[in-house]
Amino acid sequence: MRANVRLGRVAGIEISANVGALVIVLLVGLGLAGGQFPQQYPGRPFLVYASAGLIAGLLITASILIHELAHALVARGAGIDVEGITLWLLGGVARLRGEPRSPAAELAVALVGPLTSLALGGVFAAAAFAVRAATGGGLAVATLGYLAGANVLLALFNLVPAAPLDGGRVLRGVLWWRSGDRDRAAISAARAGRVFGIGLIILGFAQLLLLRGFGGLWLALIGWFLVHAASAEENQVRLGQRLSGVRVRDVMSASAVTAPAEAKVSEFIDDVVLRQPYSTYPLVDDEGRLTGLVTLNRIRALPLDRRAETRLADIACPPPEVPTAAPDDAVTDLLPRIDGCTDGRAVALDEDRRVVGVVSPRDVARLASAAEFRTPQSLQGADLATTRV
């Protein structure tokens, strides 16, 4: 779901998309132009069908964006940082940096998306009735009717009680409210998502073999995504349980090598990269404060012929996009924010915002693996005796 096109900002939230969003528009447009519209209103030029289909594809994508924007705005109101919204092949996702702090907040964030889609369905249905009353019918009515049905279907599908769907979040919130155990609720919702995803895969392949319809392949793809995402959510909860009580200082590499933002990439490679075993380099000013972060992957992405003239600052992740934490912060609070352009890295800062360490996926994985065997005294600041694995 990595985005490669930034579309702008809405209410201060960055909107981006990858090529999958274009595929949605094309699939909807071609499907309607080549099937439903000619059957309902035969005898029109294909260009007319294609135009109506394209408009429908763009509007359904806009509807998905509004659905995700509703999630993001309510989440922000609940005190959760919103990194942005990405449109992709299977719809959209609001990228949140953190989790709701209460079952009520969980339910509010989860339910607002489907409710928004239902409201959009009502708006498009009302528009279809109004246009029908004024014109007697036509492609405009068919397009509005399709958008009304698609939004209602989107809402109902998302309400299935299976993570990572919105209904899975609702299930998690309800179980959390009833039991008081957020982790157990999250695992139950993730397992429901995995079962539902497996069911969709089986149904999709059965449809593909028996009816030989393209829809079966689409169902199987959605099911595969749900299984993968639900498993990832459960693994994330398990990881959080293992790292319960662990602080950032217990995970970070305190011997981080920093660099000035104005250094040329080629010189930095010769003087530092080839002499150090690290893959992450925070950029700092004269007082040691963070001004960006460079990884080896970002250096590799720069063409060879541009390295002599390019500054590290030109290829670095800017400070607002670098996950940061204080050494005494809980690792479990940092993990949900580690994403994006830093390749899974985070930076530890002291009270004066100076760099004191780097947290890498390898550091977290090593400690999580060791936490299964060690006692609480084995890790400074850790309280692994209460871990529920």
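D81 stands opposite R97 in β4. This model is predicted. In the model, the strand β3, residues 81–88, pairs with β4 in the antiparallel sense, and seven bridges join the two. Helix α1, residues 19–40, and helix α2, residues 46–77, each pack on the sheet.

**The sheet**
- Four strands make up an open sheet, in the order β1-β2-β3-β4.
- The pairing in this sheet is mixed.
- β1 (5–10) and β4 (91–97) stand at the edges; each has a single partner strand, so one side of each is left without a neighbour in the sheet.
- On average, neighbouring strands of the sheet are turned by 25° against each other, with direction ignored.

**The helices on the sheet**
- Helix α1 touches β2 (13–17), β3 and β4.
- The direction of helix α1 makes about 45° with that of β3.
- Helix α2 touches β1, β2, β3 and β4.
- The direction of helix α2 makes about 165° with that of β3.

**A nonpolar patch on the surface**
- V19, L22, V23, L26, L27 and L30 form a nonpolar patch on the surface.
- Together these residues have about 530 Å² of accessible area.
- One of the patch residues, V19, lies in helix α1.
- V19 has a relative accessible area of 57%; exposed means over 50%, so V19 counts as exposed.

Notes. Residues numbered from 1 in each chain as written. Predicted model: local features only at pLDDT ≥ 70, side-chain atom pairs only at ≥ 80, totals over all residues. Heavy atoms only, no water. Pairing = 2+ DSSP bridges. Axes fitted to C-alpha atoms, helices over the stretch in contact; angles between N-to-C directions. Contact = heavy atoms within 4.5 Å. Patch = residues over 30% accessible without salt bridge, like charges linked within 9 Å, V, L, I, M, F, W, Y side chains within 5 Å. Areas by Shrake-Rupley, 256 points an atom, 1.4 Å probe, with all protein chains shown as cover. Salt bridge = Lys/Arg side-chain N within 4 Å of Asp/Glu carboxyl O. Buried < 20%, exposed > 50% of the residue type's maximum accessible area, 1.4 Å probe, protein only.
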